[in-house]
Amino acid sequence: MSKPINIMIADDHSMVREGIKQILELDGDIKVVAEAGNGRECIETLDDSITDVLLLDINMPNINGLKVLQHLREKKSKIKILILTIHNEVEYLIKAVEFGVDGYVLKDSSSSVLKKAIFTVLNGDTYIQPELRPILKRRMDEKASNASLIENSLTRRELEVLKLLAEGLFNKEIAYTLSISEKTVKNHVSNIFRKINVSDRTQAAVYAIKHNIVDIF
């Protein structure tokens, strides 16, 4: 018999963790080696040396699942991460994909779907629940199209100014960063407001984030 796949389950409901554990360990090809009831515990407990796949819920105390995913990816963790959630809203899925998730499965899926997802991500492929794929593709295409339209309407310098503005820099700081005059920055800001149809810096920053010009979570 080959070595079983080592799984960690991070979910704030103990009964859910127990149910998943029983389902996965039924055939002997998967072993649950660790559990966590919140995001902080997950990060502290996770052992890269023995865990192959992390099953990660989104709604958890202390640190939510998306933040855990982001943290692990920033740490360059090699563990495969599979989101297991009740959320079928595309916004959660998009954010998980942007953070580098390996798989995304809904909790109302069958055990066969969950196991297929585990084996898929372990083999180096991405698994997105089939019914979510068209929604994801449509929304990602929309985001790319919106970003492209905006980027095509703004000059390269205006994009640079908008990104810095969205990061909270004042005109004087933007001028220093880009080695241009403060008056030039003011002119760029005015042009940006006009082109994207906003009236203040806050609206411009929100617009930049919403349209993926500045990627802030």
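**Figure 1. The crossing of helices α9 and α10 in the predicted model.** In this predicted model, helix α9 passes helix α10 in a left-handed crossing. Helix α9 covers residues 182-196 and helix α10 covers residues 201-210, and their axes come within 11 Å of each other while crossing at roughly 60°. On the α9 side the contact is made by Val189, Phe193 and Ile196, which meet Arg201, Ala204 and Tyr207 on the α10 side. Of the residues in this contact, five are nonpolar and one is charged, with no polar residue taking part.

**Figure 2. The open sheet of six strands.** The strands of this sheet are parallel in their pairing and follow one another in the order β2-β1-β3-β4-β5-β6. The edge positions are held by β2 (30-36) and β6 (127-128), and because each of these has a single partner strand, one side of each is left without a neighbour in the sheet.

**Figure 3. The pairing of strand β1 with strand β2.** Strand β1, which spans residues 5-10, runs parallel to β2 and is joined to that strand by six bridges.

Figure 4. Helix α4, made up of residues 90-98, lies across β4 (80-85), β5 (103-106) and β6, and runs at about 155° to β5.

**Figure 5. The two domains and the extent of the protein chain.** The division of the protein chain gives domain 1, with residues 5-131, and domain 2, with residues 154-211. Taken over C-alpha atoms, the centres of domain 1 and domain 2 are separated by 39 Å. Counted along the protein chain, there are 10 helices and six strands. The radius of gyration of the protein chain is 22 Å, which is well over the 17 Å that the globule rule gives for 217 residues, so the chain is more spread out than a compact globule. Along the principal axes, the C-alpha atoms of the protein chain fill a box of roughly 70 × 35 × 30 Å.

Notes:
Residues are numbered from 1 along each chain as its sequence is written. This is a predicted model: local features need pLDDT of at least 70, side-chain atom pairs count only at pLDDT 80 or more; totals for chains, interfaces and linings use all residues. Side-chain values use heavy atoms; hydrogens and water are left out. Axes are lines fitted to C-alpha atoms, for helices over the stretch in contact, and angles run from 0 to 180 degrees between N-to-C directions. Helices (H or I, at least four residues) and strands (E, at least two) are DSSP runs, numbered from the N terminus. A crossing is left-handed if the near helix is turned anticlockwise from the far one by less than a right angle, and right-handed if clockwise. Contact means heavy atoms within 4.5 Å. Ala, Val, Leu, Ile, Met, Phe, Trp, Tyr, Cys and Pro count as nonpolar, Asp, Glu, Lys and Arg as charged, and the others, Gly among them, as polar. Two strands pair if DSSP finds at least two bridges between them. Domain bounds come from an automatic or database domain assignment. The radius of gyration is taken over C-alpha atoms; the globule rule is 2.2 Å times the number of residues to the power 0.38.
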